[in-house]
Number of protein chains: 2
Amino acid sequence: MNLPKAVEIREVGPRDGLQNEKIFIPTDLKVQWINLISETGVRHIEVSSFVSPKWIPALADHHEVFEQIARDEKITYAALVPNLKGVEGAIQQKVDEIALFISASEEHNQSNVNASINQSLQNLKAVAEAANREGISLRGYISTVFGSPFGDEVKLQTVKGIIDAYLAMGVSEISLGDTIGVADPVQVKAILSELLTQYDSDLFALHFHDTYGRALANIFAALELGITKYDSAIGGLGGCPYAPGASGNVSTNDLVNFLHRLGVQTNIDEEKLFTATRFLQQAINRQLDSKVYKVQSN
Amino acid sequence: MNLPKAVEIREVGPRDGLQNEKIFIPTDLKVQWINLISETGVRHIEVSSFVSPKWIPALADHHEVFEQIARDEKITYAALVPNLKGVEGAIQQKVDEIALFISASEEHNQSNVNASINQSLQNLKAVAEAANREGISLRGYISTVFGSPFGDEVKLQTVKGIIDAYLAMGVSEISLGDTIGVADPVQVKAILSELLTQYDSDLFALHFHDTYGRALANIFAALELGITKYDSAIGGLGGCPYAPGASGNVSTNDLVNFLHRLGVQTNIDEEKLFTATRFLQQAINRQLDSKVYKVQSN
């Protein structure tokens with residue numbers, strides 16, 4: 001069994017985590033928290049989303065957050081951008097990377113952004129062109145790759161079509177999302193094995209939610225296939241809009257501890273990660289969903 | 001990848017779970033709970049421990065529990081027995097199986113039962129002989145197989161020595177325990193691969209604690225090697241005496257849901273498992289550590 005020597009962690013807590021939280025974390029706390037994350041050694045932070053506050057009130061302060069965080073030049077500070085208005089904001093704030101978002105489930109995409117997959121791809125093309133003009137790198141999310149909350153079948157052919165469309169737009173990294181946390185290691189290996197016959201493993205990041213506690217098992221399956229990029233959220237932030245009370249993203253704490261146990265390097269300092277997590281817990285004032293953090297904080 | 005078609009789950013919550021709980025669950029609630037577990041389809045329940053109430057007050061009512069539960073003849077009702085006095089009780093209550101217990105770490109065994117591994121094996125031999133005379137089947141736990149809470153090295157040679165001693169005593173099933181939840185899938189595969197060169201896979205059950213969230217990843221590794229017996233506790237009961245606030249045994253709920261997703265049969269009905277879990281939660285009055293239950297109960 002040859003696991004990768006090192007992997008890159010994408011900390012998505014400030015964006016994918018907080019967008020699912022019911023409360024608004026004050027801007028100054030967000031900024032302090034992101035600054036603590038910058039100190040952990042992680043090289044990629046998804047800071048916020050340039051989306052209308054009407055859609056996601058929890059991230060209404062995206063401009064202020066980008067203005068106030070201390071940026072480390074070794075770190076990529078990314079933002080999710082759904083449309084041309086969002087690109088303007090992202091350009092204004094000099095984000096390092098713009099993340100696009102689409103679902104591989106027609107029903108989920110329709111419910112999420114009120115458009116078909118094809119319409120969404122057209123819209124994202126305009127966003128990508130604007131980003132390309134500014135030389136901003138592009139990351140593309142594909143959600144519900146492993147199952148849809150609406151039960152409609154998600155076809156690998158659809159996923160491949162989106163990958164190809166993303167590549168044509170200049171996207172350099174594609175994050176395959178298990179939005180509802182249903183994936184299992186057999187499925188992960190089957191889907192990845194098929195994709196890796198056509199695409200390079202460096203193209204992909206994996207984005208697992210831990211709804212049913214299987215995220216680390218799935219990540220291990222992906223590690224065995226040579227995938228070296230993983231999204232996670234401090235304290236397992238995130239929840240699931242389709243399963244009230246459910247766990248959220250795989251927790252960065254559990255993931256990093258797991259990887260270090262396996263001898264896989266992350267460049268993340270677990271002590272500093274603990275500091276950033278404790279800060280978040282105080283700011284958010286609820287028990288976080290990380291088993292490692294539970295051990296460390298007792 | 002050939003996974004087993006079916007596995008056997010050992011529900012250890014009433015014993016390994018409750019022995020780590022701070023509160024005493026009243027006997028009538030324990031009995032009702034165990035009766036609900038019997039209805040789930042699980043074929044093996046570790047009901048209690050015939051141990052001095054001074055050691056484990058939470059299980060002081062082992063006689064009463066065995067007297068009062070409704071026993072289904074298709075189910076093995078087991079009890080942990082540490083010494084000859086315990087065997088007498090177990091015989092009196094007509095338990096179907098006696099579980100023995102020893103640690104593969106000298107320091108842990110010393111701390112746990114105040115005896116060296118060799119002394120413990122001598123003591124257990126007397127217990128086993130008494131059980132054999134009554135025709136009661138024997139199960140042997142080996143704890144700390146994947147790491148010791150005291151940091152002393154656990155040698156596979158020691159584990160093999162205990163396995164051989166157990167076999168000589170007439171033990172028919174051996175449960176390999178990750179007492180402090182540190183195991184990882186690479187280690188699981190390495191240790192099992194080595195053991196399976198000498199012993200049949202049917203001999204072993206695996207007993208993972210989910211302290212760091214890796215239990216399902218470890219179980220998947222064991223499934224890939226053909227292991228078909230797993231210990232788990234409803235609601236992830238258990239905790240860890242060496243890590244206050246930590247998660248306990250892998251939760252039966254998450255394990256069964258995972259196995260069913262993988263197409264591996266368990267004979268357990270998830271609806272009835274939910275009923276038994278909800279009953280436990282009300283009896284124990286705290287948030288249980290199962291991701292699947294969190295989804296189901298919202």
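Trainee: Which residues does Lys5(B) touch, not counting residues up to four places away in sequence?
Mentor: Lys5(B) touches Gly263(B), Val264(B) and Gln265(B). Contact means heavy atoms within 4.5 Å. This is a predicted model: local features need pLDDT of at least 70, side-chain atom pairs count only at pLDDT 80 or more, and totals for chains, interfaces and linings use all residues. Residues are numbered from 1 along each chain as its sequence is written, chains are lettered from A and ligands numbered from 1 in the order in which they are written, and side-chain values use heavy atoms, with hydrogens and water left out.

Trainee: How far apart are Lys5(B) and Val264(B) in sequence and in space?
Mentor: They are 259 residues apart in sequence. In space their C-alpha atoms are 5.1 Å apart. Lys5(B) sits in the segment before strand 1 (8-11) of chain B. Helices (H or I, at least four residues) and strands (E, at least two) are DSSP runs, numbered from the N terminus.

Trainee: Why is Lys5(B) called exposed?
Mentor: Set the value against the cut-offs. Buried means under 20% relative accessible area, exposed over 50%, and partly exposed in between (1.4 Å probe, protein chains only). Lys5(B) has 70% relative accessibility, so it counts as exposed.

Trainee: What makes Val292(A) buried?
Mentor: Its relative accessible area is 2%, so Val292(A) is buried. Val292(A) lies in helix 12 (residues 291-296) of chain A. Among the residues it touches are Asn253(A) and Asp254(A), and also Thr211(B) and Tyr212(B).

Trainee: What makes helix 9 of chain B mostly covered?
Mentor: Count its residues. Helix 9 (residues 215-224) of chain B has nine of its 10 residues buried. Ala215(B), Asn218(B) and Phe220(B) are among them. Just after this helix, Gly226(B) takes a positive phi of about 90°.

Trainee: Why are helix 2 and helix 11 of chain B called roughly antiparallel?
Mentor: Helix 2 (residues 27-38) and helix 11 (residues 270-284) of chain B pack at about 165°, with their axes 9 Å apart. Axes are lines fitted to C-alpha atoms, for helices over the stretch in contact, and angles run from 0 to 180 degrees between N-to-C directions. Angles under 35 degrees count as roughly parallel, over 145 as roughly antiparallel, 65 to 115 as roughly perpendicular and the rest as oblique. Helix 2 and helix 11 of chain B are therefore roughly antiparallel to each other.

Trainee: Which residues make this contact, and how do they divide by class?
Mentor: Leu29(B), Trp33(B) and Ile37(B) are among those of helix 2 of chain B. Those of helix 11 of chain B include Thr275(B) and Phe279(B). By class there are eight nonpolar, two polar and no charged residues. Ala, Val, Leu, Ile, Met, Phe, Trp, Tyr, Cys and Pro count as nonpolar, Asp, Glu, Lys and Arg as charged, and the others, Gly among them, as polar.

Trainee: Why are helix 6 and helix 7 of chain A called roughly parallel?
Mentor: The axes of helix 6 (residues 117-133) and helix 7 (residues 156-169) of chain A come within 9 Å and cross at roughly 25°. Helix 6 and helix 7 of chain A are therefore roughly parallel to each other. The residues of their contact divide into eight nonpolar, two polar and one charged.

Trainee: How do you know that a two-fold axis relates the chains?
Mentor: Chain A can be laid on chain B by a turn of 180° and a shift of 0.0 Å along the axis, with an RMSD of 0.0 Å. That is the relation of a two-fold axis. In chain A, the C-alpha nearest the axis is that of Ala217(A), 1.9 Å from it. Copies are superposed by least squares on the C-alpha atoms of residues with pLDDT of at least 70 in both.

Trainee: How do you know that the copies meet through the same surface?
Mentor: Of the interface residues of chain A, 100% are also interface residues in chain B, so the copies meet through the same surface.
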